[in-house]
Amino acid sequence: MKSFASDNYSGVHPAIMDAIIRANADHQISYGDDEITAEMNQIFRDNFGDVEVLYSFNGTGANIVSLKCAVLPFQSVICTETAHIHVDECGAPTQNIGSTLVPLKTPDGKLTPDIIEHQLSFIGNVHHVQPKVISVSQSTELGTVYSLEELTALADFAHKYDMFLHVDGARISNAVANLGCTLKEATVDCGVDIMSFGGTKNGMMMGEAILIFNKKLRKHAPYYHKQTGQLFSKNRFIAAQFKALFTNDLWKKMAAHSNKMAQLLKAEISKIEGVTITQEVQANAVFVIIPKHAVEPLRNTYRFYDWNVEIGELRWMCTFDTTEEDVKGFVEKLKDVINI
Ligand SMILES: Cc1ncc(COP(=O)(O)O)c(C=O)c1O
């Protein structure tokens, strides 16, 4: 089954599968005190500088731990109305942090200081939750990417008003591949305080890393990590996958490839009458509206998700193992079903 549904539909990159098998030798100390985890922590430090690293099973878990480190129950997390933490995590963040998410409307999935500014009037007012975290997804749920300047502006704004900047980096690799800079330049150097580094969507079997740059957010982190069920007793198997991902910049190669396939898809469908691309394509997702009669016939051959049912918007997503032939086959089918 070929799909353009999600990067979660793809399997595991062979180098990562090999790494899991190689890690399956001998006994190792449990709960992250093993040699492989220590090596991977050092690789994260080599790439990001001073950072406290924790690992999680999934992206929801990484977001919960990160947000718990940064907010108290009377404080709030400002995010977009399309944020994964708001719409796709079954309320897990609010339930676990015991506080409020404040979702704001954006045209393109990106927050700006201007969009957030009106929240400042609540600071110091006992009747309102107190803004404490600005949470962004990089790349965003709409396949767009914050520029370094945009992210820096948000971090400066957050810090000016005693807030933290959190990055949901489930697709940080796609964003950095698009930006063409280093991981550190795209995060720490912009002023990010805490983030998740996604593995699962970029060829790993499972696992994300929580990277805590701001020392103020480190104190309780290990306890929140354990209390939220994200401390893996056999963490070497997550760390081993990340080690393979960082060997010869596999993370960047795979992300650049899936971004390139999204660009190819965009270029091909731009030529088809009746297809409207609704967002800038900057990572591995393409958002489109196509003639209504074509949607179900196309879906009979290829899996994909509706994004905004009200306007008939669809999301097509490429992955590290999408091929040019896959894209071309999909485009041919699209032409056929439009012309029925
Ligand atoms: C932006 C974003 N954050 C986080 C996640 C991680 O979610 P999960 O808990 O399913 O791994 C996803 C997955 O779709 C996502 O798109």
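Colleague: Where is Asn 248 found?

Modeller: In this predicted model, Asn 248 is found in the loop between α11 and α12 (250-270).

Colleague: What is the phi of Asn 248?

Modeller: Phi of Asn 248 is about 50°, a positive value, although the residue is not a glycine. Most residues other than glycine have a negative phi.

Colleague: Which loop holds Asp 26, and is that residue buried or exposed?

Modeller: Asp 26 lies in the loop between α1 (14-23) and α2 (35-48). Within 10 Å there are 6 other C-beta atoms, so Asp 26 is exposed by the cut-off of 12 or fewer. Asp 26 also has a positive phi, near 65°, and is not a glycine.

Colleague: What makes the bond between Gln 138 and Ser 139 cis?

Modeller: Omega is about -5° for the peptide bond that joins Gln 138 and Ser 139, and the bond is cis. Most peptide bonds are trans. Ser 139 lies in the loop between β4 (130-137) and α7 (148-160).

Colleague: How many helices and strands does the chain have?

Modeller: The secondary structure comes to 14 helices and 11 strands.

Colleague: Why is the chain called as compact as a globular protein of that length?

Modeller: The radius of gyration is 20 Å, and the globule rule gives 20 Å for 340 residues; the two are close, so the chain is as compact as a globular protein of that length. Along the principal axes, the C-alpha atoms fill a box of roughly 60 × 55 × 35 Å. Buried residues make up 47% of the 340 residues.

Colleague: Among contacts between residues at least 6 apart in sequence, what percentage join residues at least 24 apart?

Modeller: The figure is 77%.

Colleague: Which domains does the assignment give?

Modeller: The domain assignment gives domain 1 (14-248) and domain 2 (250-338). Their C-alpha centres lie 27 Å apart. The contact takes 21 residues from domain 1 and 18 residues from domain 2.

Colleague: Which helices each supply at least two residues of the side of domain 1 that touches domain 2?

Modeller: These are α8 (172-179) and α11 (236-246). The most comes from α8, with 6 residues. By class, this side of domain 1 has 9 nonpolar, 10 polar and 2 charged residues.

Colleague: Which residues are around the ligand?

Modeller: They are Asn 58, Gly 59, Thr 60, His 84, Ser 137, Glu 141, Asp 168, Ala 170 and Thr 200.

Colleague: How many of the residues in that shell are nonpolar, polar and charged?

Modeller: The shell has 1 nonpolar, 6 polar and 2 charged residues. Ala counts as nonpolar, and Asp and Glu count as charged.

Notes. Residues are numbered from 1 along each chain as its sequence is written. This is a predicted model: local features need pLDDT of at least 70, side-chain atom pairs count only at pLDDT 80 or more; totals for chains, interfaces and linings use all residues. A residue is near a molecule or strand if its C-beta atom, placed from the backbone, lies within 6 Å of it. Helices (H or I, at least four residues) and strands (E, at least two) are DSSP runs, numbered from the N terminus. The radius of gyration is taken over C-alpha atoms; the globule rule is 2.2 Å times the number of residues to the power 0.38. A residue is buried if 20 or more other C-beta atoms lie within 10 Å of its own, exposed if 12 or fewer, and partly exposed in between; C-beta atoms are placed from the backbone. Two residues are in contact if their C-beta atoms, placed from the backbone, lie within 7 Å. Domain bounds come from an automatic or database domain assignment.
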